[in-house]
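Q: Can you walk me through how some helices sit against each other here? Keep it plain, please.
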Amino acid sequence: MPEQTDSDRADLPEAMAELAEDFHAVSQPERLQLLLELSRELPALPERYVGQLDKMERVDECQSPLFLAVEVEDDADRTVRLFFDAPAEAPTTRGFAGILHEGLDGLTARQVLDVPDDAPYRFGLAEAVSPLRMRGMVGMLGRIKRQVRLRSEALSAAGESA
Amino acid sequence: MSEKIDAYAHPERLVTTDWLAEHLADDDVVLLESDEDVLLYDTGHIPGALKLDWHTDLNDPLTRDYVGGERFAQVMGERGIGRGTTVVIYGDKSNWWAAYALWVLTLFGHEDVRLLDGGRAKWVEEGRELTTEVPEVTPVDYPVVERDDSAVRAFKADVLDHLGQPMVDVRSPGEFSGELLHMPDYPQEGAMRGGHIPGAKSVPWARAANEDGTFRSREELEQIYLTEQGLDPSDDVVAYCRIGERSSHTWFVLTHLLGFGTVRNYDGSWTEWGNSVGVPVER
């Protein structure tokens with residue numbers, strides 16, 4: 001498979017493009033270490049979600065259970081906030097969540113919706129972790145975008161009726 | 001080893017955490033960690049253990065199949081494993097992937113391969129040492145041995161021939177019954193059809209394991225598979241799940257703990273059967 005070029009990352013949001021660049025700059029084994037670092041840096045759940053897994057969405061595509069919560073703030077930009085919960089025994093799943101958190105948290109709803117669906121494959125991880133395992137990250141991104149879309153629409157509808 | 005392990009049909013296939021702690025430094029023992037999660041080993045592992053990944057080491061990158069003899073020899077040799085080495089495997093998820101790896105080593109006829117009873121979780125729970133230090137290995141020559149799929153592996157055609165004979169579906173009850181669990185926008189992935197292979201008995205793999213991930217005692221296992229399910233150690237049995245990993249666990253139980261003579265793991269499992277045109281499905 002040919003190495004990706006900078007133009008392959010041109011349509012990614014800035015923080016995500018930088019991460020993709022970091023991954024491509026290192027060897028396969030080092031990519032795993034980078035993923036491990038991201039898994040360690042994944043923020044803990046804020047108090048309002050602790051013990052509230054029923055308020056979060058379960059991502060079934062992940063091999064290990066991962067729970068996701070998406071908030072869209074009622075501001076002009078419709079700022080997106082992401083929250084993830086995955087056990088320490090699932091570092092790969094946590095690492096994928098770490099990439100999405102670092103790459104997408106704090107962006108506008110529009111920016112998140114514009115993220116290409118194949119973004120998970122832009123980090124050169126498929127060979128390092130095997131393509132089958134990438135499904136988890138594809139599932140997370142799809143669910144994040146779906147929730148952002150639903151929540152933005154709900155906010156717009158509420159704004160119009162007010 | 002222990003009273004519990006000595007009661008099994010092939011006690012030499014299982015080691016306790018105590019045994020492992022005593023034999024970690026043995027020259028003729030190589031310890032492998034095989035997990036579902038490819039990074040778990042890197043977060044900390046049993047001292048001296050090497051990583052063996054089911055995707056990147058044991059599966060062919062192109063064809064849906066296991067690696068061939070040359071690649072297998074390389075995977076073993078670079079871990080310092082010779083044909084006569086005692087290989088002990090442990091992993092996460094009650095040893096699913098460890099059992100899967102052991103089964104693949106069996107395809108290549110590696111004679112002395114054992115599981116750590118309770119796997120990674122038990123070692124951790126007992127507060128034993130973990131390290132992130134990857135041991136340095138002096139590579140050895142492992143002979144190129146061709147895989148022999150005939151004894152312990154079933155292909156789809158074998159399963160079609162086997163219909164009407166004992167078969168164990170080790171998936172969860174929901175997968176067995178064919179109920180779909182999906183939400184709007186997310187059609188069930190993995191298989192076009194839900195259900196099970198006609199005549200298969202539903203015995204979820206986890207019934208063979210205790211809460212701490214160790215195997216149930218021989219007496220308890222006989223109660224489940226012999227008394228309740230009516231299987232006999234002389235039966236010709238096929239086990240399957242979704243991709244063949246959970247059924248490796250059951251294959252290990254039937255073959256090594258209960259001494260069944262003919263058990264084949266159908267690794268194509270539901271991701272093949274549930275997508276195949278024209279094969280019979282029962283719900």
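A: One definition to begin with: helices are DSSP runs of H or I with at least four residues, strands are runs of E with at least two, and both are numbered from the N terminus. This is a predicted model, where local features need pLDDT of at least 70, side-chain atom pairs need 80 or more, totals for chains, interfaces and linings use all residues, and side-chain values use heavy atoms, without hydrogens and water. Residues count from 1 along each chain as its sequence is written, while chains are lettered from A and ligands numbered from 1 as written.

Q: At what angle do helix 2 and helix 3 of chain A pack?
A: About 75 degrees, for helix 2 (residues 28–41) and helix 3 (residues 91–104), with the axes 7 Å apart. Axes are lines fitted to C-alpha atoms over the stretch in contact, and angles run from 0 to 180 degrees between N-to-C directions.

Q: So are they parallel or perpendicular?
A: Helix 2 and helix 3 of chain A are therefore roughly perpendicular (65 to 115 degrees; under 35 is roughly parallel, over 145 roughly antiparallel, the rest oblique).

Q: Which residues make the contact?
A: Helix 2 of chain A brings Leu35(A), Leu36(A), Leu38(A), Ser39(A) and Glu41(A). From helix 3 of chain A come residues including Pro91(A), Phe96(A), Ile99(A) and Glu102(A). Contact means heavy atoms within 4.5 Å.

Q: Switching to chain B: how far apart are the axes of helix 9 and helix 10?
A: They are 12 Å apart, and helix 9 (residues 218–228) of chain B packs on helix 10 (residues 246–257) of chain B at about 110 degrees. That makes this pair roughly perpendicular.

Q: What touches what?
A: Arg218(B), Leu221(B) and Tyr225(B) of helix 9 meet Thr250(B), Val253(B), Leu254(B) and Leu257(B) of helix 10.
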